[in-house]
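Work through the following exercises with the model open beside the text, and try each task before reading its solution.

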Amino acid sequence: MIDEKIIDKELQEKYRQLVEMDNLLPIKISDFYMKKIIEEIDTIGMGGPLYRSVIPIKDKIDLKTSVETRDYVEEDKHNPVENCDYIIQKYENRLVFIITDVCFAHCQYCFRTYNLSKFQQSNLKETIKNKISVLKMYLQSHSNISEVIFSGGDPLSIGYENMKFALDELQQWDIRIHTRAIVYEPSIFTEKMIDLLNKHNVRLVFHINHPYEIDEVVEEKINEIRRAGIRMYSQFPLLRGINDNSKVLIKLLIKMDELNIRPLSIFIPDPISYGAVNRISASRIEKIMDEVNWNTPSWVNSARFVMDTTIGKVRRENIVKREGKCITFSRDGKTVEYYDLDDGIDVPSPIDKLLWKN
Ligand code: SF4
């Protein structure tokens, strides 16, 4: 049980039941991140941006929208190898490899909650060696695939020896690693790990959602990784209660630019079950996008606002129809529908709470 000063006992019990009955991820917070949460609680009380990243609030359980689903991007319909849910392929030339189901902390907004929780409960867990052998066989028979994206779970949680094995085995392919380890457990980037990642010329994509996640320790670690010459990128979701204000996004993007992290994508949260607490209405998303685009130089606003869907990533310019709450996107001749948030749910977060240190 987590201390009552951090989460109400009754809410914690309700959440625990949902973990058991409805495939939510158990609360998991690294000691490193917990220190930041305690500092935030001491200053503004519960429910601040870092708090909401890893601790459920009452709205997580109570808020429902008329259209939501467990897995909006339908990853389990994109498994090219039969009975093998850890290889996901949506594009011809690259695929996602779920190298592990373990994370350093569990994000409350995780779009993969349902599948990750299924992986974690599965008795059919494969070893990393088996997974890589199946993956390699698939890659060798599909020469059009040039890039393997390590995802999870957090790929860095597999440890040095497993990472070395994976990278040695897959040296023929470009490797991209998506990770939140830099904010949850920066010490995992040891000198040895950094050398390994550098030797294999990997691309590191950090998921950093809020400028306060980059403290002095994280900044120093990013600088170490940068000095080693590793290419660093960022992508993160736009989340109500965490970063739903253009001022927060601009501050974060500028900070990452100072650290040589190239911005890739800002994701619109999927209409998933238990996700309404983080969602933002389409009109406010567009307002935030315009504020970022119009008020910043191109090295800040080059981050693309995108939504991941079952037909791939789509952007505002891919909208082909709006009818009531239904927005239709089109890509490569295929269409997908997105349902805007029901009225009355999206209450913008006050800026003095989102940026409480300023
Ligand atoms: S680290 Fe990634 S996979 Fe793990 S809970 Fe967070 S968003 Fe989900």
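**Exercise 1. Locate Tyr274 and decide whether Tyr274 is buried or exposed.**

Tyr274 belongs to the loop that runs between strand 7 (262–267) and helix 12 (282–294), where helices (H or I, at least four residues) and strands (E, at least two) are DSSP runs numbered from the N terminus. The model is a predicted one, in which local features need pLDDT of at least 70, side-chain atom pairs count only at pLDDT 80 or more, and totals for chains, interfaces and linings use all residues. Residues are numbered from 1 along each chain as its sequence is written, and side-chain values use heavy atoms, with hydrogens and water left out. The relative accessible area of Tyr274 is 8%, so Tyr274 is buried; buried means under 20% relative accessible area, exposed over 50%, and partly exposed in between (1.4 Å probe, protein chains only). In its backbone, Tyr274 has a positive phi of about 65°, although Tyr274 is not a glycine.

**Exercise 2. Determine how helix 7 and helix 9 pack, and which residues make the contact.**

Begin with the geometry: two packed helices are described by the angle between their axes and the distance between the axes. Helix 7 (residues 159–169) and helix 9 (residues 191–199) meet at an angle of about 10°, and their axes are 11 Å apart. That angle makes helix 7 roughly parallel to helix 9, a label for angles under 35 degrees, while those over 145 count as roughly antiparallel, 65 to 115 as roughly perpendicular and the rest as oblique. Axes here are lines fitted to C-alpha atoms, for helices over the stretch in contact, and angles run from 0 to 180 degrees between N-to-C directions.

Next, list the contact, meaning heavy atoms within 4.5 Å: helix 7 contributes Gly159, Tyr160, Glu161, Met163, Lys164, Leu167 and Asp168, and helix 9 contributes Lys192, Met193, Leu196, Leu197 and Lys199. By class, these residues are six nonpolar, one polar and five charged, where Ala, Val, Leu, Ile, Met, Phe, Trp, Tyr, Cys and Pro count as nonpolar, Asp, Glu, Lys and Arg as charged, and the others, Gly among them, as polar.

**Exercise 3. Identify the buried residues of helix 9 and what covers them.**

The buried residues in helix 9 are Met193, Ile194, Leu196 and Leu197. They span an arc of only 160° around the axis and therefore lie on the same side of helix 9, the arc being that of the directions from the helix axis to the C-beta atoms. Glu191 and Lys199, on the other side of helix 9, are exposed. The cover over the buried residues includes helix 7, strand 4 (174–179), strand 5 (203–206) and helix 10 (216–228). After helix 9 comes Asn201, with a positive phi near 55°.

**Exercise 4. Name the residues around the ligand, and examine the peptide bond from Gly152 to Gly153.**

Cys103, His106, Cys107, Cys110, Leu116, Gly152 and Gly153 surround the ligand, each having a heavy atom within 4 Å of it. This shell holds four nonpolar, three polar and no charged residues. The peptide bond from Gly152 to Gly153 is cis, with omega near 20°, and Gly153 is found in the loop between strand 3 (147–151) and helix 7.
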